[in-house]
Amino acid sequence: MDVVSENRSHGGRQLICRHLSASTGTDMVFSLFLPPQAEQGPVPLITYLSGLTCTHANVTDKGEYRAACAELGLAFLAPDTSPRGEGVHDEEGWDIGLGAGFYVDATRQPWKPHYAMWSYVTNELPAVVAAEFPLDLARQGITGHSMGGHGALTVALCHPDRFRSVSAFAPIVAPSRVPWGEKAFSAYLGDDRSAWRRHDAVALIEDGARLPELLVDVGEADSFLERELRPELLEAACARAGIGLTLRRQAGYDHSYYFISTFMADHLRWHAARLD
């Protein structure tokens with residue numbers, strides 16, 4: 001693993017790292033902030049999954065998480081959203097291919113050789129960072145935005161023993177029922193919709209997956225709210241399943257990092273309280 005850059009911030013270390021991934025067969029880049037408390041020993045880890053078109057850099061540059069992480073003693077890990085590089089398949093359109101891995105392991109060609117983001121974020125990346133840095137994987141939380149919110153919810157629902165706290169910003173809660181998800185799942189997983197359910201938060205809850213509680217923020221001025229995000233479906237599924245969902249509809253906020261950065265500290269404090 002190579003440290004591409006390192007900068008001091010809020011008494012901690014902001015790192016950009018690159019490594020060769022066994023899951024994707026490509027070089028992968030991730031961002032990791034280590035708070036000053038990491039100099040004394042292992043700290044809890046928050047993984048943040050980014051949305052469509054993003055890389056690790058979007059939240060690193062615009063997420064405004066470092067001050068809260070330094071205060072709370074949280075490490076903050078942000079991977080890329082897809083494999084990249086020579087030989088990695090792509091297609092026209094910002095909602096498929098590069099920058100749009102949807103946190104699944106593709107089972108169809110030509111995507112299958114490299115698009116293994118589920119394996120990467122759930123298994124490989126946590127092991128890679130824990131081997132190199134003072135992180136306490138017994139205290140993990142996960143969050144994300146939009147496509148990454150979908151990823152955070154599904155990863156946590158499938159691994160409730162590993163993630164003690166879960167939140168999301170404007171998540172795609174039922175990708176099997178919205179255009180973004182239908183397009184991606186058809187390409188990566190094929191036409192058998194039963195195979196999609198493992199990567200659909202609402203379907204997972206309907207099929208018996210459980211978490212104690214969730215925090216979700218959506219912006220009421222988000223142009224994708226009614227067509228792609230559909231938080232009401234998650235609200236109904238959680239109510240039926242007895243999952244404690246805190247769903248906050250924020251007046252005037254859109255889908256951008258202005259929205260995310262406004263409520264980032266709230267989410268990190270929510271995670272910290274559950275990882276203490």
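1. A word on terms before the details: two strands count as paired if DSSP finds at least two bridges between them, and helices (H or I, at least four residues) and strands (E, at least two) are DSSP runs, numbered from the N terminus. This is a predicted model, in which local features need pLDDT of at least 70 and side-chain atom pairs count only at pLDDT 80 or more, while totals for chains, interfaces and linings use all residues. Residues are numbered from 1 along each chain as its sequence is written, and side-chain values use heavy atoms, with hydrogens and water left out.

2. Strand E1 (residues 2-9) and strand E2 (residues 12-20) run antiparallel and are joined by 7 bridges. Ser9 stands opposite Gly12 of E2. The hairpin of E1 and E2 has 2 residues between the strands, and His10 takes a positive phi near 50° there.

3. Leu15 has Leu32 in E3 as its bridge partner. This hairpin has 6 residues between its strands, and in the turn Gly25 shows a positive phi of about 70°.

4. Which residues does Leu125 touch, apart from its neighbours within four places in sequence? They are His19, Phe30, Leu77, Pro79 and Tyr120, where contact means heavy atoms within 4.5 Å. Leu125 belongs to helix H3 and is buried, with a relative accessible area of 1%. For burial, the cut-offs are under 20% relative accessible area for buried, over 50% for exposed, and partly exposed in between (1.4 Å probe, protein chains only). Leu125 and Ser23 lie 102 residues apart in sequence, yet their C-alpha atoms are 9.4 Å apart in space.

5. On to the aromatics: the whole structure holds 14 aromatic pairs. Rings of Phe, Tyr and Trp (its six-membered ring) pair if their centres lie within 6.5 Å; planes under 30 degrees apart are stacked, over 60 edge-to-face, and the rest tilted. Trp111 and Tyr188 make an edge-to-face pair, because their ring centres are 5.1 Å apart and their planes stand at 85°. This pair links distant parts of the chain, 77 residues apart: Trp111 is in the loop between strand E5 (75-79) and helix H3 (117-132), and Tyr188 is in helix H5 (residues 179-189). Both residues are buried.

6. Phe185 is buried at 0% relative accessible area, and Trp196 is buried at 1%.

7. Phe33, Tyr48, Tyr65 and Phe76 form one aromatic cluster. The charged end of Arg66 sits over the ring of Tyr65, 4.8 Å from its centre; the criterion is NZ of Lys or CZ of Arg within 6 Å of the ring centre and within 35 degrees of the ring normal. Arg274 lies over the face of Trp270, 3.9 Å from the ring centre.

8. The search of the whole structure finds 0 disulfides. Cys158 is partly exposed at 25% relative accessibility, whereas Cys238 is buried at 1%.

Terms used
Disulfide = S-S within 2.5 Å.
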